[in-house]
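Let's read this structure together, one feature at a time. Take a look at the sequence and the fold before we start.

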Amino acid sequence: MKTMKFYLLAGIFAATLITCNNSNAKNNESNNSKNTETMKFEKVALPYATDALEPVISKTTIELHYGKHHQAYVDNLNKLVVGTEFEDADLETIVKNSDGAIFNNAGQHLNHNLYFTSFKADGGGEPQGGLAEAINSQFGSFDKFKEEFNAAGTSVFGSGWVWLAKDDSGKLSIEKESNAGNPVTKGLTPILGFDVWEHSYYLDYQNRRADHLKEIWKIIDWETVSNRY
Ligand code: MN
């Protein structure tokens, strides 16, 4: 009897492992934020090695920021939506319609998916195509835009984000958001967001947020970011 129980448990364990592996593979494949079978949100895959952004962002910061902070938002969100109207909703719908703890964790999940996919090793340079034209016509030049963007990021009081966003007509704006804020709640499309929570820069720059914001332009993946416009 004991032997039978053992085999039964071992079988269940093996079946669980296979199921988990399958769902992970599907998530990685589609690069989406939610597995349709288990209805679980998952972080976007990191498109570079954890040390690829050094010295602008250290390996340690990426490991903590992506591995711990982003993971915690996702884990919290997966627990919080159970039994609510958001149980089967997509991430953007949740961010647009929720409040309180669900909004905070959903917003941060969306924000970090966008943030971590905006960089690459040896990035930098300038935006491309329609985004470059829109920046030049609205801000005067790329350098003037960067200046204005950094000033907005530096002046966010406490934790939050600075976003470049566009409206339905393609008009750009710089949006300061506190905490988990994302421009989608204003009907805008986020193009580029810099995280100004201290967890994003404190290990590498201590209190010097402005210095961090000056350096981060060196790792932007403008091809990916320009495609969001
Ligand atoms: Mn963050």
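**Reading the fold**

Guide: The chain has nine helices and five strands. Helices (H or I, at least four residues) and strands (E, at least two) are DSSP runs, numbered from the N terminus. This is a predicted model, where local features need pLDDT of at least 70, side-chain atom pairs count only at pLDDT 80 or more, and totals for chains, interfaces and linings use all residues. Residues are numbered from 1 along each chain as its sequence is written, and side-chain values use heavy atoms, leaving out hydrogens and water.

Visitor: Which pattern does the chain follow along the sequence?

Guide: Reading along, you get α-β-β-α-α-α-α-α-β-β-β-α-α-α.

Visitor: How do I read the open sheet, and what is its strand order?

Guide: Start from pairing: two strands pair if DSSP finds at least two bridges between them. Here, three strands make an open sheet in the order β4-β3-β5, paired antiparallel. β4 (172-178) and β5 (189-195) are the edge strands, each pairing on one side only. Seven bridges link β3 (residues 160-166) to β4, and A165 has S173 in β4 as its bridge partner.

Visitor: Which strands does helix α4 touch?

Guide: Contact means heavy atoms within 4.5 Å. Angles run from 0 to 180 degrees between N-to-C directions, with axes fitted as lines to C-alpha atoms, for helices over the stretch in contact. Helix α4 (residues 100-116) packs on the sheet and touches β3 and β5, its direction making about 70° with that of β3.

Visitor: And where does helix α5 lie?

Guide: Helix α5 (residues 129-139) lies across β3, β4 and β5, at about 85° to β4.
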